[in-house]
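Welcome! Take a moment to look over the model below, and then let us walk through a few of its parts together.

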Amino acid sequence: MHKNFWGDYNAASFDRLAHDIQTQYLIVGGGITGLAAAYFLLEHGEKDIVLIEKHTIGSGSTGHSAGMLVTGMETSSWTHLIRTHGLPEARAYWDAQNRAVDLITALVEEGHIQCDLFPEEHLRLAGNAVAQKQLLQDFSAHKMMHSRVSDLEGEKLAEEFPADEFESAERTTKNVSVNPLSLARGFARYLQKRGVRIFEHTELLSAAGGHAQTNHGAITYSRIVRCMGVSEKDKHIQPFLTTICVTRVLTTKEKEAIGLLDNDMFEDVETRSYHYGKITGDNRLLVGYGDTKHTSGFTYGYTHLPHVHSIERFIARVFDTITPNIEYAWSAEFALSKSELPVVRVGEEEVLVNGAGTQIASIAVVSYAISKLLGKRHVLDELFGS
Ligand SMILES: Cc1cc2nc3c(=O)[nH]c(=O)nc-3n(C[C@H](O)[C@H](O)[C@H](O)COP(=O)(O)OP(=O)(O)OC[C@H]3O[C@@H](n4cnc5c(N)ncnc54)[C@H](O)[C@@H]3O)c2cc1C
């Protein structure tokens, strides 16, 4: 089995820092959060921006993810968010996430980014009584937020997703599927064209008082934005491990047999660890499974076999009309906030954004953080202030 399905994580596209520099805004981390931070600064008219990445752009969680850009939350459910923060605040978060999907779609078009972007429906599938109860609750919450959801049962579900295992499902429109590594790299090239100075293989070693030390030189800055994912040592953030398997290329007949001719993305509704998946741009079946709380050191290249076995069993059960061999498998970590909302801290000098758990939520939240950094109002003011 191979590990690098989306592309070569070691392929650098940007220079490393070669000498000491100055900047107004220093962004640390070349994942979706850091890239989006640079984008929102540009959109607010800021021009003097440097982004540093310790390895290569997209080499963290972002480029190892499944690339299912779906509105949702890893840290909580909409039902709970409405209960704890109120309907208008939850709706604002939902709207901000929808805008993040629009932003990615527009950016890919404007930047001519080749990343296999397809608008796809997303199915949340329930196979037991507990999952069905959760799904029902979520469905009414989604309806309250005027989201584009519909429910599926019986024949309608069998047409969409014929696996016997599931009894009901929620279908959401307006999500996109991408190759996440290509998206991140294309996004970075787009930002560079708009004047952002990007340095790969440039690791932040320390930062204080407007002075950052990297492994290749010093950077003097006015404001620093930390988007370092699992590398951020913060007691409010927890790393989780999840694993993805990708099969051989399927034929059109096979895709039809498993109900994925229309390339829907899917996940099963489980409380913590859950299976998720989609059809890739080159017609392979991708299935992921996690999350496992992970506290010991993780290094890329490691594949968590218990997750792989769970995925193999899921594929055998749910897609039992085909026998697709797994050709790629890899595990990776992502950062999750320990509380209901992602971690956002906006100080005089330093901003920290982390733990949103999904790419779309990360974009929505960093948009809020950058507005606060610049002293502007944002639709998420009440949510984060409440
Ligand atoms: C296997 C897997 C599947 C997933 N699937 C999905 C999915 O389908 N959809 C979805 O929305 N989300 C998914 N996620 C979650 C999603 O990938 C993350 O929530 C999101 O990408 C986090 O982005 P980020 O920019 O905050 O972190 P990262 O992408 O990890 O970026 C942080 C970057 O900071 C860099 N960095 C760290 N320390 C330093 C330093 N000292 N100096 C310079 N740079 C530094 C790192 O190298 C890294 O590139 C998945 C995650 C995994 C692991």
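Predicted model: local features only at pLDDT ≥ 70, side-chain atom pairs only at ≥ 80, totals over all residues.

## Where the domains meet

How many residues of domain 1 are in contact with domain 2? There are 39 of them, and they touch 38 residues of domain 2. The size of an interface is often given as the accessible area lost when the parts come together. Here, about 3,100 Å² is buried between domain 1 and domain 2, and carbon and sulfur atoms give 62% of that area.

## Salt bridges

The structure holds 18 salt bridges, and the count between domain 1 and domain 2 is one. You can look for a salt bridge between the side chains of Lys174 and Asp102, with an N to O distance of 2.4 Å.

Another salt bridge joins the side chains of Arg171 and Glu121, at 3.8 Å from N to O. Arg171 sits in strand β6 (residues 168-177) and Glu121 in strand β4 (residues 118-126), so this pair ties together parts that are 50 residues apart in sequence.

## A pair of helices

Two packed helices are described by the angle between their axes and the distance between the axes. For helix α3 (residues 78-85) and helix α4 (residues 87-110), the axes come within 7 Å and cross at roughly 135°. That angle makes α3 oblique to α4.

Which residues make this contact? From α3 come Trp78, Leu81, Ile82 and His85, and from α4 come Leu87, Glu89, Ala90, Tyr93, Trp94 and Gln97. Sorted by class, the contact of α3 with α4 has seven nonpolar residues, two polar ones and one charged one.

Terms used:
Residues numbered from 1 in each chain as written. Heavy atoms only, no water. Axes fitted to C-alpha atoms, helices over the stretch in contact; angles between N-to-C directions. Helix = DSSP H or I, 4+ residues; strand = E, 2+ residues; numbered from the N terminus. Parallel < 35°, antiparallel > 145°, perpendicular 65-115°, else oblique. Contact = heavy atoms within 4.5 Å. Nonpolar A, V, L, I, M, F, W, Y, C, P; charged D, E, K, R; others polar. Buried area = accessible area lost by both parts, 1.4 Å probe. Salt bridge = Lys/Arg side-chain N within 4 Å of Asp/Glu carboxyl O.
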